[in-house]
Amino acid sequence: MKFSKKPMVNWYDLKQLAATGVKTVISGVFGNFADKREFQATSASDEKPFDFSDHKEDEFWFDYISDLGDGFNSTYTMAHLLAQDELHVHNFVTKRGRVLIMGGDEVYPTPEKHEYDNRLKGPYFAAFPWRDDVDTRLFAIPGNHDWYDGLTNFMKVFCQERSIGNWKTQQKRSYFALKLPHNYWVFAVDIQLHADIDEPQLKYFCHISQHDVKKGDKIILCTAEPSWVYKAWSMENTSDHRMQFFIESIILGKYKNYYGRQPDDVQLAAILTGDMHHYSHYKEESKEKSHDCHLITAGGGGSFTHPTHFLKNYDDGQIKRSLVSEPFPSKSQSKKLAWWNLAFPVYSPHMVALFAVLHLITTWFLVAFSQEQGNSFIQNLGMAESASEMCSLIGSNLIYNPSAVILNVVLLLGLTFFADTLTGKGQYNLIIGFIHGCVQVLHFYLVICLYACVVANHLDTEASGLVRLLIGFLFTLGSGVTSAFVFGLYLLVSTLIIKNHPTEAFSSFRWEGYKNFLRIKITKDSATVYVVGVKKVPTNWKNKGTEDQPRYEGGPIKIQLIEAPFDISPQSNHSI
């Protein structure tokens with residue numbers, strides 16, 4: 001299979017931002033009117049749970065990975081590990097899963113066919129080409145990035161019984177249920193774009209819960225967002241309410257309008273999710289449940305690394321959720337990574353260009369207005385004898401110059417509403433965003449004053465137009481670089497001190513390391529989770545095959561267990 005090796009997505013590429021923004025709006029608006037999940041229910045009305053319970057061996061292994069289709073180095077590294085027959089790590093031997101579950105955001109930045117081909121299918125095909133002697137199955141649920149085209153290409157990739165390398169797809173819907181050996185189940189739900197779970201999906205899982213799930217069975221729930229993390233960040237977030245509704249109504253059967261059962265008949269062993277591109281392990285204690293539930297975020301399949309120093313415990317008196325192990329990266333490592341935001345101009349040249357062009361146009365309006373008045377604004381500004389005189393000149397120009405004022409307001413408001421209002425104290429964060437906008441506007445006028453001083457006091461009046469043009473270009477470029485640096489400094493302060501902008505701050509430098517996936521072993525006595533981590537992915541992958549049959553060599557890959565293997569079976573809850 002031919003494909004192109006792609007770098008990590010540059011989330012501050014202006015073209016990329018615009019395209020993603022448009023698709024987000026379109027999918028959000030039209031997704032409510034044409035929900036693909038309802039069409040799936042019609043076309044696959046007789047779909048039953050996928051049954052792996054007749055597995056003949058004593059051990060049943062399955063793998064879980066999420067947030068994967070991004071840069072080649074990280075995506076291929078994890079695919080390569082998943083494809084190995086065995087992984088030996090910390091004196092433990094883990095086996096490749098009979099089933100691979102992809103837990104959301106299988107492609108970035110948007111779900112076009114060529115992005116799936118280059119960022120997902122190509123690397124996974126190269127890592128695990130077809131073998132007649134191996135039968136491995138692939139199931140996937142969509143994340144928000146898969147939903148940006150209304151699931152059109154997700155359905156083609158995962159719901160038409162095709163193969164990605166040696167991983168064969170089976171599902172007909174964007175959600176599914178797997179019956180595993182030893183009375184275990186996997187329920188994997190499609191939450192669309194942070195919306196309510198649709199009625200056909202509820203009926204699908206309700207029917208399985210009522211007719212197939214038996215007393216004493218244990219369920220592992222897969223979803224595309226860590227609702228417990230969002231709830232700890234902001235009490236206004238509703239994703240946890242939606243998830244608890246699904247658990248209580250469909251899995252536990254507490255509400256008779258769905259079906260009634262005793263809450264202890266079925267046990268929720270764990271919830272697996274991605275969306276946040278790190279690893280963290282919480283344990284939930286509830287007054288209404290007889291056992292603890294493991295809450296595991298494993299979004300390290302290939303995309304940029306998310307921070308972990310934001311993570312905190314949650315306790316509302318009824319439910320207590322506590323971190324039970326060191327996340328990956330650790331909180332101290334996460335804080336160190338945040339300092340890469342000081343290199344924001346290097347990682348985001350498009351933002352440098354945006355600030356530079358905005359400053360250039362604003363300066364043009366200021367100078368053009370002064371020319372109409374018969375004065376040289378730059379010369380007068382440069383010859384001003386004090387800062388107050390400079391401010392007076394700028395103010396008198398702006399009073400009758402609406403074009404420049406409008407651009408200043410656009411910059412101010414744009415940066416104000418860029419503020420993260422979803423994490424922590426939203427209104428407080430908006431004030432911080434406003435301060436950032438004010439600093440950027442002030443920075444522009446400081447730069448133009450410096451430029452005016454250079455032109456008026458250090459540049460010969462006989463200097464050629466080319467020299468003046470070169471000086472103007474250097475100052476324009478410099479203003480873009482310093483504005484981008486201020487922007488990066490704002491992200492650094494936000495993530496380290498204010499504790500907001502987790503995505504915006506860490507997507508800026510696109511860190512490839514700290515990747516992870518879960519390998520789970522089910523036996524008659526336990527369900528053991530092995531968390532495989534890679535701190536630094538290789539960047540030296542070279543194709544030793546052909547374009548049609550690629551075979552990459554590189555490495556070495558240094559793998560580790562992020563924490564000691566632990567048992568998620570409800571009666572156990574201990575490390576191995």
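This is a predicted model: local features need pLDDT of at least 70, side-chain atom pairs count only at pLDDT 80 or more; totals for chains, interfaces and linings use all residues.
Reader: Let's start with strand β18. Is β18 buried or exposed?

Author: Buried. Eight of the eight residues of β18, which covers residues 527–534, are buried, so the strand is largely enclosed by the rest of the structure.

Reader: Which residues point which way from β18?

Author: A527, V529, V531 and G533 point one way, while T528, Y530, V532 and V534 point the other. Both sets are buried.

Reader: OK, and what does β18 pair with? Start with β17.

Author: β17, residues 515–522, runs antiparallel to β18, and eight bridges join the two. They form a hairpin with four residues between them. Within that pairing, K521 stands opposite T528.

Reader: What about β22 and β18, parallel or antiparallel?

Author: Antiparallel, over two bridges. β22 is residues 566–567, and D567 in β22 stands opposite T528.

Reader: Switching to electrostatics. How many salt bridges does a search of the whole structure find?

Author: The search comes up with 18.

Reader: Give me one. What does D135 meet?

Author: K168; the two side chains meet in a salt bridge at 3.2 Å, N to O. This pair links distant parts of the chain: D135 is in the loop between α4 (113–127) and β6 (136–140), K168 is in strand β8 (residues 167–169), and they are 33 residues apart.

Reader: What about R321, which residue is its partner?

Author: E284, and their closest N and O atoms are 2.9 Å apart. R321 lies in strand β16 (residues 319–323) and E284 in strand β13 (residues 279–286), so the pair ties together parts that are 37 residues apart in sequence.

Reader: And how accessible are R321 and E284, buried or exposed?

Author: R321 is buried, with a relative accessible area of 1%. E284 counts as buried too, at 4%.

Reader: What can you tell me about E553?

Author: E553 forms a salt bridge with R551, where the closest N and O atoms are 2.5 Å apart. E553 counts as partly exposed at 40% relative accessibility, and R551 is partly exposed with a relative accessible area of 43%.

Reader: Which residues are linked in a network of salt bridges?

Author: D85, R96, R131 and D133 are linked that way.

Reader: Now rings. How many aromatic pairs does the count come to?

Author: It comes to 38. One of them is F328 with Y514, which is edge-to-face: 5.1 Å centre to centre, with 70 degrees between the planes.

Reader: Where do F328 and Y514 sit in the chain?

Author: F328 is in the loop between β16 and α9 (331–338), and Y514 is in the loop between α17 (502–507) and β17. The pair links distant parts of the chain, 186 residues apart. F328 is buried with a relative accessible area of 5%, and Y514 is buried with 6%.

Reader: Which residues do ring pairs link into a cluster?

Author: Y12, F344, F355, F418, F487 and Y490. Y12 turns up again as a contact of L17, which also touches W11, leaving aside residues up to four places away in sequence.

Reader: Where's L17 found?

Author: In helix α1, residues 14–30. L17 counts as partly exposed, at 40% relative accessibility. L17 and P109 are 92 residues apart in sequence, yet their C-alpha atoms are 9.4 Å apart in space.

Reader: Last one: which residues make the nonpolar surface patch?

Author: W339, L342, F485, L489, V493 and I497 make a patch of about 550 Å². V493 is found in helix α16, residues 465–498, and is partly exposed with a relative accessible area of 33%.

How values were computed. Residues are numbered from 1 along each chain as its sequence is written. Side-chain values use heavy atoms; hydrogens and water are left out. Buried means under 20% relative accessible area, exposed over 50%, partly exposed in between (1.4 Å probe, protein chains only). Two strands pair if DSSP finds at least two bridges between them. Patches are made of residues with over 30% relative accessible area and no salt bridge: like charges are joined within 9 Å, nonpolar side chains (Val, Leu, Ile, Met, Phe, Trp, Tyr) within 5 Å. Accessible areas come from the Shrake-Rupley method with a 1.4 Å probe; for residues, only the protein chains shown count as cover. A salt bridge is a side-chain nitrogen of Lys or Arg within 4 Å of a carboxyl oxygen of Asp or Glu. Contact means heavy atoms within 4.5 Å. Rings of Phe, Tyr and Trp (its six-membered ring) pair if their centres lie within 6.5 Å; planes under 30 degrees apart count as stacked, over 60 as edge-to-face and the rest as tilted.
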